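This report describes the arrangement of helices and strands in the model shown below.

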Amino acid sequence: MISQKIQIPHHGRTVNGTFYRPEGSQKFPVVIFSHGYNGCETDFSVSAEYFAQNGIGAVCYTFCGGSTRDRSGFPTTKMTLFTEKEDLCAVLDAIRERDCTDREHIFLFGASQGGMVSSLATEERAAHIEGLILLYPAFCIADDWNSRFPRPEDIPDTQELWGMTMGRVFFETIRGFDIREQIGTFPKKVLIMHGAKDEVVPLSYSQRAASGYPDARLEIFQKEGHGFSEYGDRRMEAMAMYFIHACMRKA
């Protein structure tokens, strides 16, 4: 397994990440990992190494402005779901250009807010994505914030959450946003994994999403919350690996 630091400039900012690749010169499938709110690229480094050691390339990156540990210089107060979608699409385009990438087998993997962003990107870039893997996707984001700030004048200039400060633009861009109208057309396989004890994102959001996609499977982890245990993570990796191979066999 070989790891390589990468930088991807786009829209006047630069995404920083790491490309994990299997050894050898043959083309290989690639999984793009997108972290959750105030996470960073290292959140899924263990999983990325596992995939690379088993013949599947992986990319982990940090959303610009999506973390207090982001090195891009893009302010957290300018980050939105849609700037993060731009980041992900830029990573996807960069990975597609690499000679080692099997372009027919690129997968998106998103956790929490990164899961919602991955779902939105998949709707836009379905032709370039072979399968979608979601880990407790935060499809509740717009509903939660619009409920908290029901009128435009209720929106603050800044809002601190879990150690990171967001700006007004985050909330303004999700006014009137209904996730049920934005996802569900992706025609290929989708795997959703969600903890039954999740107290941040209700399981019902994943249940609704699973029923909305043409070819989706929901796996409920009975003893897990929002953020899995080490055992849950290893089980998640095994399920994701099986899912990827199933998609490739079908293709």
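Helix α8, formed by residues 230–250, lies across β3 (28–34), β5 (101–111), β6 (131–135), β9 and β10. The direction of α8 is at about 170° to that of β9. The model is a predicted one.

A further helix, α7 (residues 203–212), lies across β9 (189–195) and β10. Helix α7 runs at about 160° to β10.

## The sheet

The strands β3, β5, β6, β9 and β10 belong to an open sheet of eight strands with mixed pairing, ordered β1-β2-β4-β3-β5-β6-β9-β10.

Strands of a sheet pair through backbone hydrogen bonds, in either a parallel or an antiparallel sense. Here, β2 (residues 13–21) and β4 (residues 57–62) are paired in the antiparallel sense, over five bridges. Thr18 stands opposite Cys60 in β4.

## Helix α4 and its buried face

Which residues of helix α4 are buried? In this helix, which spans residues 141–148, they are Ile141, Ala142, Trp145 and Asn146. Viewed down the axis of α4, the buried residues fall within an arc of 110°, and they therefore line one face of the helix.

The packing partners of these buried residues include three helices by name, α2 (81–96), α3 (113–124) and α5 (168–172). The buried residues of α4 also pack against the strands β7 (158–161) and β8 (164–167).

Terms used. Residues are numbered from 1 along each chain as its sequence is written. This is a predicted model: local features need pLDDT of at least 70, side-chain atom pairs count only at pLDDT 80 or more; totals for chains, interfaces and linings use all residues. Side-chain values use heavy atoms; hydrogens and water are left out. Buried means under 20% relative accessible area, exposed over 50%, partly exposed in between (1.4 Å probe, protein chains only). Helices (H or I, at least four residues) and strands (E, at least two) are DSSP runs, numbered from the N terminus. The arc is that of the directions from the helix axis to the C-beta atoms. Contact means heavy atoms within 4.5 Å. Two strands pair if DSSP finds at least two bridges between them. Axes are lines fitted to C-alpha atoms, for helices over the stretch in contact, and angles run from 0 to 180 degrees between N-to-C directions.
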